[in-house]
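Biologist: Could you bring up the model so that we can go through a few of its features together?
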Amino acid sequence: MSSDSSSVAVRLGEAVLNLVSSAPATREVASAQPADAAWQLAQRAARKAGIAAGSLALPPGPLGWLTILPELVAVWRIQAQMVADIAAVYGTRHAPTREQMLYCLFRHTAAQAVRDLAVRMGQRVLVKEASAQVLKGVAGAIGLHLSQRALGHGVSRWVPVAGAVGVGAYAWHDTRQVAKQAMALFDPQPASTASPAAD
């Protein structure tokens, strides 16, 4: 790995740890129809994430490279808020833990990195508490994985408008995947998370 990509991986890992250090507050309350409420939250968050990512991907050339980390962090914040809101509509009494947040945000993109955080109990997945050292290692592995992807996606910065549309579309899709992970994790009856709105 080059020193540039190593530096990006470290910065991404640190950003991930900072992001999950505390769950965002939510105004959502338990819903009688949590799956429907969760999908509405997911749709809103996906639109916001798509717009945020697409806007930050607009600057062309070298300037565009500087927006990769802010773009990812902006999308992650939107997604973290969505995860906290989804937990609430499913009636979870406490804010998502750092481990739950890591699992929901990165399970679909960096499965190997978060695999040690979860254990399957029948049809349910339980996310266990981890030490600070383990969390740092998980965040580092996520940072490494995402740095490789981010550097690859950075090519889109050389094609401003088309690249921004692609980045926005990816953030929209990615946010829906995070929503699915959150719904599966916080739903006391996992089979009920399916929705006609799902991909």
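Predicted model: local features only at pLDDT ≥ 70, side-chain atom pairs only at ≥ 80, totals over all residues.

Biologist: How many aromatic pairs does the count come to?
Modeller: The count comes to 1 aromatic pair, where rings of Phe, Tyr and Trp (its six-membered ring) pair if their centres lie within 6.5 Å, and planes under 30 degrees apart count as stacked, over 60 as edge-to-face and the rest as tilted. The partners are Trp-76 and Phe-106, which are edge-to-face with 5.4 Å centre to centre and 85° between the planes.

Biologist: Which parts of the chain does the pair link?
Modeller: The pair links distant parts, since Trp-76 belongs to helix α4 (residues 68-89) and Phe-106 to helix α5 (residues 98-106), 30 residues apart. Helices (H or I, at least four residues) and strands (E, at least two) are DSSP runs, numbered from the N terminus.

Biologist: Is Phe-106 buried or exposed?
Modeller: Phe-106 is buried, with a relative accessible area of 2%, and Trp-76 also counts as buried, at 4% relative accessibility. Buried means under 20% relative accessible area, exposed over 50%, and partly exposed in between (1.4 Å probe, protein chains only).

Biologist: And why is α5 largely enclosed by the rest of the structure?
Modeller: Because 8 of the 9 residues of α5 are buried, among them Met-101, Leu-102, Tyr-103 and Phe-106.

Biologist: Changing topic, where does Leu-41 lie, and what does Leu-41 touch?
Modeller: Leu-41 lies in helix α2 (residues 34-56) and counts as buried at 7% relative accessibility. Not counting residues up to four places away in sequence, Leu-41 touches Glu-28, Met-82, Asp-85, Ile-86 and Val-89, where contact means heavy atoms within 4.5 Å. The C-alpha atoms of Leu-41 and Asp-85 are separated by 7.5 Å, although the two are 44 residues apart along the chain.

Biologist: What about Thr-109, buried or exposed?
Modeller: Thr-109 counts as buried at 15% relative accessibility, and it lies in the loop between α5 and α6 (111-114). Leaving aside residues up to four places away in sequence, Thr-109 touches His-145, Leu-146, Arg-149, Tyr-170 and Asp-174.

Terms used: Residues numbered from 1 in each chain as written. Heavy atoms only, no water.
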